[in-house]
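User: Hello! I am new to this structure and would like to learn how to read its features. Could you walk me through them?

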Amino acid sequence: MANTRTESDSIGPVEVPADRLWGAQTERCLMNFPIGTEKMPLAFVHALGMQKHAAAAANKALGLLDDKRADAIIKAASEVHGGKLDAEFPLPVWQTGSGTQSNMNANEVIANRATEILGGKRGDKSVVHPNDHVNMGQSSNDTIPTVMLISAALMTERTLRPALEGMIASLDQFGETYGHIIKLGRTHMQDATPITLGQVFSAYSAQLSAVLGALNDLMPRLLKLPQGGTAVGTGINCHEDFPLEFCKALNEVAGFTFEPAPNKFAGISAHDELVALSGVLNSAAAALYKIANDIRMMGCGPRGGFAELVLPKNEPGSSIMAGKVNPTQVEALTMVCAQVMGNHTTVTVAGSQGQFELNAYKPVIIYNVLQSLALLSDSVASFTERCLDGLQPDEERIEELLKGSLMLATSLVPHIGYDKTAEIAGKASKDKSTLKAAALALGYVSEEDFERWTDPSQMVGPDRRD
C-alpha cells in the first residue's frame with residue numbers, strides 16, 4: 001500500500017494510510033466489515049468526542065492523567081465533537097455489536113491527534129496511548145451505551161423538539177385564523193356531522209403535544225449514563241469517583257444535566273430507554289402520518305376531489321401532465337413515517353437481544369434511533385415551512401359540500417325521531433334532492449323549523465338545554 005505508515009495492535013502490525021489519524025484497529029474494521037454503505041452517524045461521532053473529552057477531564061481532576069496529556073486529549077476530542085475530524089470516522093454500522101471498533105476509532109484518532117499537538121508523530125504511542133490514556137477507566141461496553149444516550153438526548157432536544165413545537169404553532173395558527181369555518185365532518189370516509197376547521201386542527205395539535213409530553217416523561221431516563229461500569233457494570237479498573245466527575249465534565253461540554261445511572265448493569269446489558277424513545281418516535285410517526293394524510297385528502301383535486309384545502313404549489317408535479325401539482329411535502333413526510341415505523345421494529349428486536357451482561361446490537365440500535373430522529377426533525381420542519389404555513393381553505397368548496405350533506409339531518413333526530421329522520425335522508429338520497437325538499441315533501445317539519453334545527457353553527461358542539 002502506497003503512502004502508508006505501520007501501526008500495531010495486540011494482533012500485530014497493520015498498514016494505515018499515512019494521511020489518516022486512525023490506527024490499526026480502525027483499519028482492521030474497514031478490512032473485516034465491507035458491509036453496506038451505512039456509516040456510524042455523525043451525531044454519534046460528535047457525542048463520542050464529548051465522551052472522550054469528559055473522560056480525560058475527569059481523569060485529570062482525579063489525578064490519574066497528567067495535565068499535559070489530559071489537555072492534549074481534551075483539545076483533540078474537542079476537534080472531534082466540533083466536527084473538524086469527521087472524515088476520520090469511516091466505520092460501518094455493521095461491525096461488532098458492542099461498538100468496540102468505533103470506540104477504538106475515537107481512541108486512535110484522538111491519541112494520534114493529541115500526539116501531534118504535543119509535538120510527536122502519528123503512531124508513537126509512548127506520547128499518548130489510545131488505550132492507556134484516551135480510554136483510561138473506560139470500556140467499550142460502558143462508553144458506547146453512554147454515547148448512544150448522549151447523542152439521542154441531544155438530537156431529541158435540539159432538533160426534534162423545536163421541529164415539533166414549530167409544527168404545533170403552525171397548526172394552532174391555522175386553527176386560530178380559520179377556526180370559525182364550518183366544514184363537513186367525515187367518519188368511515190363517509191359524510192358525518194359538521195365540524196369546524198378549528199376543531200379539526202386542534203386534534204392535530206393535541207396529538208403532537210402528546211408526543212412532546214411523552215418525550216418530556218422519557219427524557220430523565222436518557223440522562224442517566226452507565227459510564228463507569230466498564231466491562232460488565234462492576235466498574236473494574238475505574239476510579240470510584242470517575243462517574244460523577246465524568247458527568248460534571250460532560251455537562252460543561254454538552255450543556256445538559258447528565259448523571260450517573262443508579263444501575264450500570266442494566267445500562268450495559270439492555271437499552272430499554274432507547275427502545276422506549278423509538279416507541280415515542282413510532283407514535284409520532286403514526287400521528288404525523290394521520291395528520292399529513294388528512295391534509296392530503298382534504299386537498300385532493302383540484303376539480304375531482306374534496307378540494308377543501310389549497311396546498312402550496314412548490315414545484316411541477318408531472319413530466320407529462322402540464323399544470324399538475326402534487327402534495328409532495330405530504331408524500332415526503334409519510335415516507336419518513338413509514339421508515340421510522342420500520343426502524344422501530346429493528347430497534348425493538350435488537351433491544352431484546354441483551355444476552356447476559358451485554359447487549360451486542362448497539363450500533364444498529366443507535367443507527368436507527370438517530371436516523372428516525374433526524375428524518376422526523378427534517379421532514380416535520382420542511383412540512384411546516386413548505387406546506388402548513390402556506391395552507392389555505394377553499395371556503396366556497398367547503399360551503400358547497402356542507403350544504404349538500406345528508407348528515408345535516410342528524411340534528412332533526414331529537415325533534416322528530418330517528419325513523420322519520422332516516423326516511424327524510426333516504427328520500428333525499430334517492431331523489432337526489434335537498435334534505436329540505438325531502439323533509440317538506442314528507443310533511444314532517446315546517447320550513448321554519450327545518451332552517452332552525454339544521455343550522456350548522458348549532459351542530460358543532462353539545463346541545464345547550466335549559
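This is a predicted model: local features need pLDDT of at least 70, side-chain atom pairs count only at pLDDT 80 or more; totals for chains, interfaces and linings use all residues.

User: What is phi of Phe356 near, and is Phe356 buried or exposed?

Analyst: Most residues other than glycine have a negative phi, and most peptide bonds are trans. Phe356 has a positive phi, near 55 degrees. Buried means under 20% relative accessible area, exposed over 50%, and partly exposed in between (1.4 Å probe, protein chains only). Phe356 is exposed, at 75%. Thr230 also has a positive phi, of about 50 degrees, but Thr230 is buried, with a relative accessible area of 3%. Thr230 sits in the loop between strand S5 (224-225) and helix H8 (242-254).

User: Which residues does a cis peptide bond join?

Analyst: Gly301 and Pro302, with omega about 5 degrees. Look for Pro302 in the loop between helix H10 (272-298) and strand S7 (309-310).

User: How do I read a strand pairing, and over how many bridges do S3 and S4 pair?

Analyst: Two strands pair if DSSP finds at least two bridges between them. Strand S3 (residues 182-187) and strand S4 (residues 190-196) pair over five bridges, in the antiparallel sense. Lys183 stands opposite Ile195 in S4. Two residues lie between the strands of this hairpin, where His188 takes a positive phi near 60 degrees.

User: How many aromatic pairs does the structure hold?

Analyst: Rings of Phe, Tyr and Trp (its six-membered ring) pair if their centres lie within 6.5 Å; planes under 30 degrees apart count as stacked, over 60 as edge-to-face and the rest as tilted. The structure holds five such pairs. One of them, Phe174 with Tyr178, is tilted, at 4.9 Å centre to centre and 50 degrees between the planes. Phe174 and Tyr178 are four residues apart in helix H6 (residues 140-178), so about one helical turn separates them. Phe174 is buried, with a relative accessible area of 5%. Ring pairs also link Phe174, Tyr178, Phe201 and Tyr204 into a cluster.

User: Which residues have the most contacts inside the largest nonpolar core?

Analyst: In soluble globular proteins, nonpolar side chains tend to be buried together. A nonpolar core is a set of buried Ala, Val, Leu, Ile, Met, Phe, Trp, Tyr and Cys residues joined through side-chain atoms within 4.5 Å. The largest one has 110 residues, and Phe201 and Leu277 have the most contacts inside it. H6 gives the largest share of this core, 16 residues. Contact means heavy atoms within 4.5 Å. Beyond its neighbours within four places in sequence, Phe201 is in contact with residues including Leu171, Phe174 and Leu391.

User: How many disulfides does a search of the whole structure find?

Analyst: A disulfide is a covalent bond between the sulfur atoms of two cysteines. Here the test is a pair of cysteine sulfur atoms within 2.5 Å, and the search finds zero. Cys337 is in no disulfide, and the nearest cysteine sulfur, that of Cys387, is 13 Å away. Cys337 is buried, with a relative accessible area of 0%.

Note on methods: Residues are numbered from 1 along each chain as its sequence is written. Side-chain values use heavy atoms; hydrogens and water are left out.
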